[in-house]
Amino acid sequence: QAQLVESGGGLVQAGGSLRLSCAASGRTFSNYAMGWFRQAPGKEREFVAAISWSGGSTYYADSVKGRFTISRDNAKNTVYLQMNSLRPEDTAVYYCAADGTRWGTSVYDYDYWGQGTQVTVSS
């Protein structure tokens, strides 16, 4: 029954903010690195952010540094992505993923995936 479920996506104007959540169930992911990826229509899925199992280290794509923040609450088995100063180019389906070894920037580094949540930034 292990699964990841994203929520919090929606439509927002440029410059606005959204917070995405990824709730895990079926198993504890407290000792997994967690990541966020996104995929726009016709494009490859790309790395956005990752966080170590302890939450002590975070990693970001250059395109989101200074605007997005990844965090986790292992007691709640949940990872978050706070997105500020959103831009139209941030429009994509956002996926969370779990990595049983360590964080990575490739989709092939991750073992479990959610089904995604749509983020649309207007103007």
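## Chain terminus and overall architecture

Ser-123 is exposed, with a relative accessible area of 83%. This residue belongs to the segment after E11, and its phi is near 70°, a positive value in a residue other than glycine. The model described here is a predicted one.

The secondary structure of the chain consists of 11 strands and 0 helices. Read from the N terminus, the order of elements is β-β-β-β-β-β-β-β-β-β-β. The radius of gyration is 13 Å, close to the 14 Å that the globule rule gives for 123 residues, so the chain is as compact as a globular protein of that length. The C-alpha trace spans about 40 × 25 × 25 Å along its principal axes.

## Burial, surface and charge

Of the 123 residues of the chain, 41% count as buried. The accessible surface comes to about 6,400 Å², and carbon and sulfur atoms hold 44% of it. Among contacts with a separation of 6 or more, 58% are made by residues 24 or more positions apart.

## The nonpolar core

The largest nonpolar core has 32 residues, of which Trp-36, Leu-81, Met-83 and Tyr-94 touch the most other members. At least two residues of this core come from each of strands E3 (18–25), E4 (33–39), E5 (46–51), E7 (68–73), E8 (78–83), E9 (92–99) and E11 (117–122).

Leu-81 illustrates how these segments meet. Neighbours within four places in sequence aside, Leu-81 is in contact with Leu-18, Arg-19, Leu-20, Trp-36, Val-48, Ala-49, Phe-68, Thr-69, Ile-70 and Tyr-94. Two of these partners, Trp-36 and Tyr-94, are themselves named among the core residues that touch the most other members.

Gln-82 lies in strand E8 and is partly exposed, with a relative accessible area of 26%. The C-alpha atoms of Gln-82 and Leu-20 are separated by 6.4 Å, although the two residues are 62 residues apart along the chain. Beyond residues up to four places away in sequence, Gln-82 touches Ser-17, Leu-18, Arg-19, Arg-67, Phe-68 and Thr-69.

Ser-85 is in the loop between E8 and E9. Its relative accessibility is 41%, so Ser-85 counts as partly exposed. Ser-85 has a positive phi of about 50° although it is not a glycine.

Ser-17 sits in the loop between strand E2 (10–13) and E3 and is partly exposed, with a relative accessible area of 40%. Apart from neighbours within four places in sequence, the contacts of Ser-17 are Val-12, Gln-82, Met-83, Asn-84, Ser-85 and Leu-86. Ser-17 and Arg-87, 70 residues apart in sequence, are 9.8 Å apart in space, C-alpha to C-alpha.

## A buried loop residue

Asn-77 is found in the loop between E7 and E8. Its relative accessible area is 15%, below the 20% limit, and Asn-77 is therefore buried. With residues up to four places away in sequence not counted, Asn-77 touches Cys-22, Ala-23, Ala-24, Ser-25, Arg-27, Thr-28, Phe-29 and Ser-30.

Trp-113 is placed in strand E10, which covers residues 112–113. At 27% relative accessibility, Trp-113 counts as partly exposed. Its contacts, leaving aside neighbours within four places in sequence, are Leu-4, Phe-37, Arg-45, Tyr-95, Cys-96, Ala-97 and Val-107.

Arg-102 lies in the loop between E9 and E10. Arg-102 is exposed, with a relative accessible area of 65%. Arg-102 and Gly-26 are 76 residues apart in sequence and 20 Å apart in space, C-alpha to C-alpha.

Note on methods:
Residues numbered from 1 in each chain as written. Predicted model: local features only at pLDDT ≥ 70, side-chain atom pairs only at ≥ 80, totals over all residues. Heavy atoms only, no water. Core = buried A, V, L, I, M, F, W, Y, C linked by side-chain atoms within 4.5 Å. Buried < 20%, exposed > 50% of the residue type's maximum accessible area, 1.4 Å probe, protein only. Helix = DSSP H or I, 4+ residues; strand = E, 2+ residues; numbered from the N terminus. Contact = heavy atoms within 4.5 Å. Rg over C-alpha atoms; globule rule 2.2 N^0.38 Å. Areas by Shrake-Rupley, 256 points an atom, 1.4 Å probe, with all protein chains shown as cover.
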